[in-house]
Amino acid sequence: MSFTIAIIGRPNVGKSTLFNRLVGQKLALVDDLPGVTRDRREGEARLGDLEFTIIDTAGLDEGAKGSLTARMQEQTEAAIAQADALFFVIDARIGLTPTDRAFADFARKANKPVLLVANKSEGKHGDAGAMEAFALGLGDPIQISAEHGEGMGELYDALRELMPEPVEEDEAEDDAPLTEEEAATRPIRVAIVGRPNAGKSTFINHLLGEERLLTSPEAGTTRDSIAVEINWKGREFRVFDTAGLRRRSRIEEKLEKLSVADALRAVRFAEVVVMMMDAQNRFEEQDLRIADLIEREGRAVVLAVNKWDLMESKGGGAISNLRRDADHLLPQVKGVPIVAVSGLMGEGIDRLMQAIQDAYAVWNRRVSTAALNRWFEEAVQANPPPAVSGRRLKLNYITQTKARPPSFVLFCSRADAVPQSYMRYLVNSMREAFELPGTPVRITLREKANPFAHKRKRPS
């Protein structure tokens, strides 16, 4: 079982910087503004030969019951309950504050091993603050600089004494390639994206059956892209909650720019992207921009219309209207699965999870070359390519080069002369023939080599 450590402390002492240092990636957002981290974020950390799970938490702070600050502290308390040990982080340059002293008592009451970490100890200014930390009664402070990587050796030594001896495993088994069965059961990476306040976090909380992610009527509650593991009817999913995506012209604060960049990174690493819309304000311009971004990144797409419980008309006609609007406004992903859901009430969740699996299967689909070329001949005969500059275009044959998303190469005589309208015809025809609804389809044109090109014309 993995050893788990929660990083706790007041806001802006460098917890997220330490988290990023230990996981070896810039996963958590870091900014000079206090209170950037809100949800708890987990990662697989390494320090020397030590491997463990690390949890970044919101800064410990006091707030009125039911307020966002109070619920952020509840997330921190949940992380402490989950952890085997704690890193209590203070800012060595500022020294001890009354808040540090209050939450040191909080850490002691957790009845778990605590390592006192005096961060920002680089240079001479950090020594005085680190010495003050002895007054907390949590043992000797470990002076580090998470930003510059100083003091990691001392942190390793202290952590080595806390962690159990590693269990030796058969390396040959670890390095063995995945079987087809194992690959088929690997977690599907799913990113939930959409405009602010579309209900993304509420939906994921209902899937988990717990208040794992912070929610609020106020838009912009989510900042980091938080990954959670979900098992749905025996299938594993790794679901990423992301910050709401507003129009670029409305993004002014540096922190929101970082949040948006984090959300876009989640899209690029996902396999299926659920684009969530508000049922009462669906298919707005920003929704269409987000869907187009997902298609350009080549991810499988599922449209989720959330807050369906607030709609007055919810019959079959309303669903048909959604289907018609989606095909009209998003022709680049024609046939995309669209599901009406209510994250708050739990309506439509089973249908959405099944749609994710179906979209994932289509995204991975391969078509045999023989079947492709039978379809290709029929498609060209039914609608031949137009003549360009008085010369007929010659399309030879097509083959699939890869899946994820389905990608094809079409060999022809003059690649630069094939109109985009004809390419759209081929893509739509292929979707219908091979049941590829919604997923991005890539067709690359390639000119066949002319076997006579090397021969020079004889002089007349």
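At what angle do the axes of helix α8 and helix α12 cross? Keep that in mind while we set up. You're looking at a predicted model, where local features need pLDDT of at least 70, side-chain atom pairs count only at pLDDT 80 or more, and totals for chains, interfaces and linings use all residues. Residues are numbered from 1 along each chain as its sequence is written, and side-chain values use heavy atoms, with hydrogens and water left out.

**Stop 1: two helices**

Select residues 200–208 for α8 and 349–363 for α12. Helices here are DSSP runs of H or I with at least four residues, strands are runs of E with at least two, and both are numbered from the N terminus. The two axes come within 12 Å and cross at roughly 95°. That makes α8 roughly perpendicular to α12 (65 to 115 degrees counts as roughly perpendicular). Axes are lines fitted to C-alpha atoms, for helices over the stretch in contact, and angles run from 0 to 180 degrees between N-to-C directions.

Now show side chains: F203, H206 and L207 of α8 meet I349, L352 and M353 of α12. A contact means heavy atoms within 4.5 Å. Five of the contact residues are nonpolar, one is polar and none is charged. In this scheme Ala, Val, Leu, Ile, Met, Phe, Trp, Tyr, Cys and Pro are nonpolar, Asp, Glu, Lys and Arg are charged, and the others, Gly among them, are polar.

**Stop 2: an open sheet**

Next, find the six strands in the order β2-β3-β1-β4-β5-β6, an open sheet with mixed pairing. Two strands pair if DSSP finds at least two bridges between them. Which strands stand at the edges? They are β2 (41–47) and β6 (142–143), each with a single partner strand, so one side of each has no neighbour in the sheet.

Zoom in on β1 (residues 4–8) and β3 (residues 50–56): they run parallel and are joined by four bridges. I5 has I54 in β3 as its bridge partner. Helix α1 (residues 15–23) packs on the sheet, touching β1, β2, β3 and β4 (85–91), and its direction makes about 55° with that of β2. Then pick α5 (residues 152–162), which lies across β1, β2, β3, β4, β5 (114–119) and β6 and runs at about 175° to β5.

**Stop 3: the cores**

Select V193, M275, F283, L303 and W308, which have the most contacts inside the largest nonpolar core, a set of 30 residues. Such a core is a set of buried Ala, Val, Leu, Ile, Met, Phe, Trp, Tyr and Cys residues joined through side-chain atoms within 4.5 Å. Buried means under 20% relative accessible area, exposed over 50%, and partly exposed in between (1.4 Å probe, protein chains only). Elements giving two or more residues include β7 (188–194), α9 (254–269) and β10 (272–278). The largest share, four residues, comes from α9.

Click M275: among the residues it touches are V193, I290 and L303. A second, separate core of 29 residues includes V228, W232, V272 and V302.

**Stop 4: loop spots**

T185 touches R235 and E236; T185 and E236 are 51 residues apart in sequence and 7.1 Å apart in space, C-alpha to C-alpha.

Most residues other than glycine have a negative phi, and most peptide bonds are trans. Now go to R404, in the loop between β15 and β16. R404 has a positive phi of about 60° although it is not a glycine, and a cis peptide bond joins R404 to P405. N197, in the loop between β7 and α8, has a positive phi of about 65°.

Methods
Parallel < 35°, antiparallel > 145°, perpendicular 65-115°, else oblique. Lists of a residue's contacts leave out its neighbours within four places in sequence.
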